[in-house]
Amino acid sequence: MWAVEAIGLSRVYASGAGWFRTRGARITAVRDVSFQVPEGELFGLLGPNGAGKTTTMRMLTTLLLPTAGTARVLGHDVARDPVPVRRVIGAVSGGDRGLYDRLSALDNLRYFAELYGVEPRVQRARIGELLELVGLTGRARDRVEGYSRGMRQRLHVARALLHRPKVLFLDEPTAGLDPLAARDLRQTVARLVASGTTVLLTTHYMAEADQLCDRIAVISDGVVCALGTPAALKDQVKERDVLEVEVYGAAAEHIARIEELAGVRGTSVEEREHLQVLAVHTDRGAGLLGPVVAALDGLRLGKVATREPSLEDAYLAILQESGRESAAEVRA
Amino acid sequence: MRGDLRRVLRLTVVGVRHHVLCMSTSPMILVFTLVTPLAYATLAFYLFRAADRPGTPAQVAVGAGLMGMWESVVSRAGGAVQTQRWLGTLETLVMAPMPLAVSLAHITLAAAIVGTYSMGATLAWGMLVFGMAPAFTDPALFVLAVAGCVVSLGMIGMLLASTLVLLRNANAVANTLDYPIYLLSGVLVPITVLPGWMQPISAVLPTTWAARAVHLAAGGGGPGEVLVPMGIGLALSLGCLLPAVRMIAWVERRSRTAATLALT
Amino acid sequence: MITRAKVRQGARVIVIGGAISYRALFTWTAPAMFVSSLFVVPVLQLLFFTHLGRQLGVADDRFFVIGGAVLSAGFPCVFGGTMAVANERAYGTLGAVLLTPGGRVALWAGRMVPYVLNGLIVAVFTLVTGVLILRVRIAPADLLMIVPTLVTAAASCSALGLALGAIGLMARDVFMVSNLAMTVLLLVSGADVPRSALPGWMRAVGEVTPVTHAVVAARAVAGGAPLADALPALAGEAAIAVVLATAAVVLLRWFEHGSRRRGALDAH
């Protein structure tokens, strides 16, 4: 039995605000998503904002009904049997809302412990142990309204773990956290996985996915476009070199010219303060430094280097290819 | 079986305590649950005096307290789902294995309990300012009648919570529910001058019976006189609760279909 | 020297500036909430007090219909006036508004005009609905004579709202303050209780707060008295409007000055 199994999961939103709902647009947020997560695995959904990660999570955590396909958590259907699913899962959705701000962390946890049916005899000890785990012991009696975003996020994690869930869903757990808090949270997650909890997390941080996840599904425009271990995903781009050029003032025309060069597989541009870092994916050993510099047409250049592709490069390549495919679909 | 009952009891106590605490830390409570009923009490007291019927300050204080209790239930229970949605906790509540109706029951019961702050305030006000004698012949019976009223209001609150959530303009509707109920239920003074067609409506409103029980208990009625209307009120409220529970389950399912659990 | 262009510009600030800010700042954006708060609730309140009065035999229906109608002008005006100031701050536009070179009196008077109109519409609606539902006999001509009293009440309530809004710039939660203010008006104005039954200090407060004198004037003309008889009461209400509006402008100027000194126009 899989811890989590999605089969052809789809979700269409009928949007249509205002007084006339009849002619609303229909937006497909998730399209035919399938994957299986064995027990004890840390599985990542990686994708840009708006790719359908959160919608997928919401369907798996019984908050949203799929419009097509099915999903099961430890054998329970998320649409038909939400209650058995809810008993075995814990979920943290990103953001700092969703807590009772005027009450203390302790009060929040006590209430949810009761709603999750945690045995009264073990409640006190369990809450204490979770506060310890997320590092809130000293602040447990303070009102949540005074908490930082990181503290709220940690309280959410504690809340989600009250009933010792077998499967934990984390939606962008480190979004908006400072690097230190994010690292602490990742360590906590790693410990949970080590103790046998299955974890599904969404993220758009490559490094996080690389460091934590056993397997990753890359999701873009509601479609899973790659699925595998971080190493396997990196393998997809191992036949490439990445030429990294710091450049001042490159415009769309320069990029377009580079992309037309024979042997270039794709490009990505990262804007830094007053320069851009241009990553040109080329076939291995293509030696395109000269033509690329020529295409930049006398622009001022900074550092230039060639390096091995990283997971981030793999991710960007996957996204670019899936973008090209869907563009081709549209054209066809 | 006995263990189950104890769990349910514990769940209710913890849940209701939680929401009473949430509501009690809001400064708006001070105005709407304490000050407004005191203003009503004052106004009503002088109206009674103008009518040359000064003999019943206790009736005025109890009536104004009942008005405050109803106001609390309409505004807080009626808007329970919307409030949780704003807080972002609606999803967390739905995701818990407990039926949503149970969590909402905690909120509506808490709203009715917070409403009793009004009763306390108007009684104290009556004694301090208007020299009302604490003339309860049977204080225990009065407390029991108020408790019955709280449970009644909590159940009616469930009906409000489940129906108002379906309306786009729930706030606007809830806003208009205060005065008609004051009028129809005779909370301040038993109203005999209402048009005839309103009398049957008045008779089927659980609030009418709950208010009658509280008034009778305050006015020195015996246990028989108090318990009968209280029982009728509770029975009618139970009639509100059953459809409400079904409706809440339906609302939850609908929200999962239409993706309206979150604020966004 | 006041030129015609200056006058015209002043008028534009009052009318157009006022209308735009009214639309932008009246946060009862949902029409249903607007209708229920301003049109349904005052009528229901009026019906409640009329029936209570009937039950107790305190006064006739006309007493409560007139009182309820005049008081109903207070809902949109007090809340509206408060919002006119408070929302400028909430939306962070207060700094920009206070920095405009135009005259402050024209600016804030412009803010008030739409609320006065709104209050008038609400009060007329409440009055007509109350008269029709309760079949109160008031001669149509007398009904028309009530309108000036409603306008005056709307003006003084808007001025009160503006003054509360100005205080609200220094306090945290202005709507708590305006809610309390409406409660006070309900208590002391004699709209729903004969003022003779109130203790002396409450009557004294009523002398200097909005609505009280307008209610007296409205009851007089509704009873068939010529408008001239009601003029002293009407003048009293108008005087309160002027005093409150002046107080509001002074408070706002003081706030403006103070915050410029502290360099914190949008500070909370």
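Leaving aside its neighbours within four places in sequence, which residues is Arg240(A) in contact with? Select Arg240(A) and find out: the partners are Arg265(A), His281(A), Thr282(A), Asp283(A), Arg284(A), Pro309(A), Ala317(A) and Glu321(A). Keep in mind as you click around that this is a predicted model.

**Stop 1: around Arg240(A)**

Colour by secondary structure and you'll see Arg240(A) in strand 11 of chain A, which covers residues 240-247. Gly75(A) sits 165 residues from Arg240(A) in sequence, and the two C-alpha atoms are 41 Å apart in space.

**Stop 2**

Most residues other than glycine have a negative phi. Go to Thr62(A), which isn't a glycine, yet has a positive phi of about 70°. You'll find Thr62(A) in the loop between helix 1 (53-60) and strand 4 (68-73) of chain A. Thr62(A) counts as buried because its relative accessibility is 0%.

Next, pick Leu74(A). Here phi is near 50°, again a positive value in a residue other than glycine. Leu74(A) belongs to the loop between strand 4 and strand 5 (76-77) of chain A. With a relative accessible area of 11%, Leu74(A) is buried.

**Stop 2**

The size of an interface is often given as the accessible area lost when the parts come together. For chain A and chain B, the buried area is about 3,500 Å², with carbon and sulfur atoms giving 55% of that.

Polar links run across the interface as well: 17 residue pairs of chain A and chain B are in polar contact. There are also six salt bridges across the interface. To look at one of them, select Glu252(B) and Arg86(A), whose closest N and O atoms are 2.9 Å apart.

**Stop 2: a nonpolar patch on chain B**

Switch to a surface view and select Leu166(B), Leu167(B), Val173(B) and Trp250(B). Together these residues make a nonpolar surface patch of about 340 Å². Zoom in on Leu166(B), in the loop between helix 7 (139-164) and helix 8 (170-175) of chain B. The relative accessible area of Leu166(B) is 32%, so Leu166(B) counts as partly exposed.

**Stop 3: helix 10 of chain C**

Finally, select residues 212-222 of chain C, which form helix 10. Why is this helix described as largely enclosed by the rest of the structure? Because eight of the 11 residues of helix 10 are buried. Just after the helix, have a look at Gly224(C), which takes a positive phi of about 100°.

Notes: Residues are numbered from 1 along each chain as its sequence is written. Chains are lettered from A and ligands numbered from 1 in the order in which they are written. This is a predicted model: local features need pLDDT of at least 70, side-chain atom pairs count only at pLDDT 80 or more; totals for chains, interfaces and linings use all residues. Side-chain values use heavy atoms; hydrogens and water are left out. Helices (H or I, at least four residues) and strands (E, at least two) are DSSP runs, numbered from the N terminus. Contact means heavy atoms within 4.5 Å. Patches are made of residues with over 30% relative accessible area and no salt bridge: like charges are joined within 9 Å, nonpolar side chains (Val, Leu, Ile, Met, Phe, Trp, Tyr) within 5 Å. Accessible areas come from the Shrake-Rupley method with a 1.4 Å probe; for residues, only the protein chains shown count as cover. A salt bridge is a side-chain nitrogen of Lys or Arg within 4 Å of a carboxyl oxygen of Asp or Glu. Buried means under 20% relative accessible area, exposed over 50%, partly exposed in between (1.4 Å probe, protein chains only). Buried area is the accessible area (1.4 Å probe) that two parts lose on being put together, summed over both. A polar contact is a pair of N or O atoms within 3.5 Å; within protein, one must be able to donate a hydrogen and the other to accept it, and residues adjacent in sequence count only if both atoms are side-chain atoms.
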